[in-house]
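Subject: Handing over the structure

Dear colleague,

I am passing on to you the structure that we talked about, and I would ask you to keep it open while you read my notes.

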Amino acid sequence: MAHRDTEHDLIGPVHVVGAGLLGTSVGLALSRAGETVWVSDVHDDNVRTAAGLGAGVALPEGAEPALVVVAVPPSVVGVEVVRALSAAPRAVVTDVGSVKAQPLAEVLSAVPEHVARYVGGHPMAGSERSGPLAASASLFEGRPWAVTPHPRAEEGGVRVVERLATTCGAVPVALTPEQHDRAVARTSHLPHLMSVLTAARLAGAEPAELSLSGQGVRDVTRIAASDPVLWQQIIVGNAGSVRELLVDVRRDLDALIGELDDPAALAVHLRRGNDGVAEIPGKHGGEAVPVEVVTVSVPDHPGELARLFGDVSAIGTNIEDLRIDHDPGRPVGLVELHVAQRSAAGLRDALEARHWAVQR
Ligand SMILES: NC(=O)c1ccc[n+]([C@@H]2O[C@H](COP(=O)([O-])OP(=O)(O)OC[C@H]3O[C@@H](n4cnc5c(N)ncnc54)[C@H](O)[C@@H]3O)[C@@H](O)[C@H]2O)c1
Ligand SMILES: O=C(O)C(=O)C[C@]1(C(=O)O)C=C[C@@H](O)C=C1
């Protein structure tokens, strides 16, 4: 492998294989950071769209990348990593696939002589939407990016993949491929299936029932709208770890069904939910900040949102997260400001003093 001074060199030129949601987002983030990005895809249209968005240019003939980022559907990650290792004999090769043991096994079986240059990766950021048009340069900002070296991985390659993550604005988190797959079964794959099972109860429900859909059901089901082909491949690739967790859930479900009329037993289940939510780390992997939602009615006029944000900023409160819903009966937006619990009461008072309609 060519010598790389990872403190000072750029990480590119970078070849992104697969110009969908993830690949185009990586291309946009790297291009914004000044890297040279070459993009390829089995669908030329996606390359044209990604290039049009500013994610790089089509892979030139005879190109020699320093880094290849494989961003294709899970079932073909292994084969594309193997192809990249053979086609670019000096490049570090990584991928953004959602499971990590499976592609490594494919590399070890097909091209063991090249395995040192392969370092798996997985940004914990995405969307229920697919394709280049859903991409964003800021998709990875502040998100964890798993970097999953194996015992034979070259140290220089690991550093390059960490720099890929930080250049995209993410926070690298080192795990073995096996640790990673167990972790995402819990934090991504099980949540996805629970969302799917909940959403499936809505299919075919009476319109009168569905008309009562509020923010709760939208929160729980957003990811159930994802591409089923992508998720079929993700779950099959991590079936062992996912099955273990589903067995635990089945045990809890059976207990819950038997205890629905027992307030004390039910409270134990509900509190365990609170405990689980409190375990989710805060932004940038830091301590979880207890958050409270301050809901403000905002007239549906141009400039009102900007005025609200200006006032929140003048009051000195940091917005941790944000959601906008629509009042079903009136021409107003309901803006949910997620702020640190300790700031919520003061923010409500200060916004009311500035004549905003705050929900109490
Ligand atoms: N969607 C998410 O939220 C998310 C988040 C993190 C990681 N991932 C992982 O990222 C990878 C890509 O997912 P996505 O959401 O960007 O999917 P996507 O469908 O948006 O994009 C995949 C792209 O790969 C192209 N492609 C398919 N086979 C190819 C091949 N053999 N060679 C070159 N291009 C090929 C497709 O044409 C498409 O443009 C997956 O492995 C997925 O597990 C997805
Ligand atoms: O936020 C979403 O929509 C996602 O689906 C993102 C998410 C996740 O579960 O966090 C989904 C799958 C990927 O492998 C990584 C990220």
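What follows is a walk through the structure, from the whole chain down to single residues.

Please keep in mind that this is a predicted model, in which local features need pLDDT of at least 70 and side-chain atom pairs count only at pLDDT 80 or more, while totals for chains, interfaces and linings use all residues. Residues are numbered from 1 along each chain as its sequence is written, and chains are lettered from A and ligands numbered from 1 in the order in which they are written.

The overall chain

The C-alpha atoms of the chain fill a box of roughly 65 × 50 × 40 Å along the principal axes. The chain has 13 helices and twelve strands, where helices (H or I, at least four residues) and strands (E, at least two) are DSSP runs numbered from the N terminus. Of its 360 residues, 34% count as buried; a residue is buried if 20 or more other C-beta atoms lie within 10 Å of its own, exposed if 12 or fewer, and partly exposed in between, with C-beta atoms placed from the backbone. The domain assignment, which is automatic or comes from a database, gives domain 1 (14-175), domain 2 (182-279) and domain 3 (291-358). The centres of domain 1 and domain 3, taken over C-alpha atoms, are separated by 38 Å.

The sheet and the cores

Five strands form an open sheet with parallel pairing, in the order S3-S2-S1-S4-S5, and two strands are said to pair if DSSP finds at least two bridges between them. The edge strands are S3 and S5 (92-95), each of which pairs on one side only. Strand S4 (residues 67-70) pairs with S5 in the parallel sense over four bridges, and Val70 has Asp95 as its bridge partner in S5. Elsewhere, strand S6 (residues 120-123) and strand S7 (residues 144-148) pair in the antiparallel sense, also over four bridges, with Thr148 in S7 as the bridge partner of Gly120.

Val70 returns when we turn to the largest nonpolar core, which has 62 residues and in which Leu67, Val69 and Val70 touch the most other members. A nonpolar core is a set of buried Ala, Val, Leu, Ile, Met, Phe, Trp, Tyr and Cys residues joined through C-beta atoms within 7 Å. Helix H1 (residues 21-32) gives the most to this core, with six residues, and the core draws at least three residues from each of domain 1 (14-175) and domain 2 (182-279). A second, separate core of nine residues includes Val294, Val296, Val339 and Leu347.

In helix H2 (residues 44-53), the residues Asn46, Val47, Thr49, Ala50 and Ala51 are buried. What covers them includes H1, strand S2 (37-40) and strand S3 (57-58).

The ligands

Ligand 1 is surrounded by 28 residues, of which the closest are Gly18, Gly20, Leu22, Ser98 and Gly126; a residue is counted here if its C-beta atom, placed from the backbone, lies within 6 Å of the molecule. H1 gives the most to this shell, with three residues. By class, the shell has 15 nonpolar, eleven polar and two charged residues, where Ala, Val, Leu, Ile, Met, Phe, Trp, Tyr, Cys and Pro count as nonpolar, Asp, Glu, Lys and Arg as charged, and the others, Gly among them, as polar. The residues around ligand 2 are Ser98, Met124, Ala125, Gly126, Ser127, Glu128, Ser188 and Ile223.

Backbone details

Most residues other than glycine have a negative phi, and most peptide bonds are trans. The peptide bond from Gly12 to Pro13, however, is cis, with omega near 5°, and Pro13 lies in the segment before strand S1 (14-17). His355 has a positive phi of about 70° although it is not a glycine, and this residue is found in the loop between helix H13 (341-353) and strand S12 (357-358). His355 counts as exposed because it has 7 C-beta neighbours inside 10 Å.

With best wishes

Terms used: Contact = placed C-beta atoms within 7 Å.
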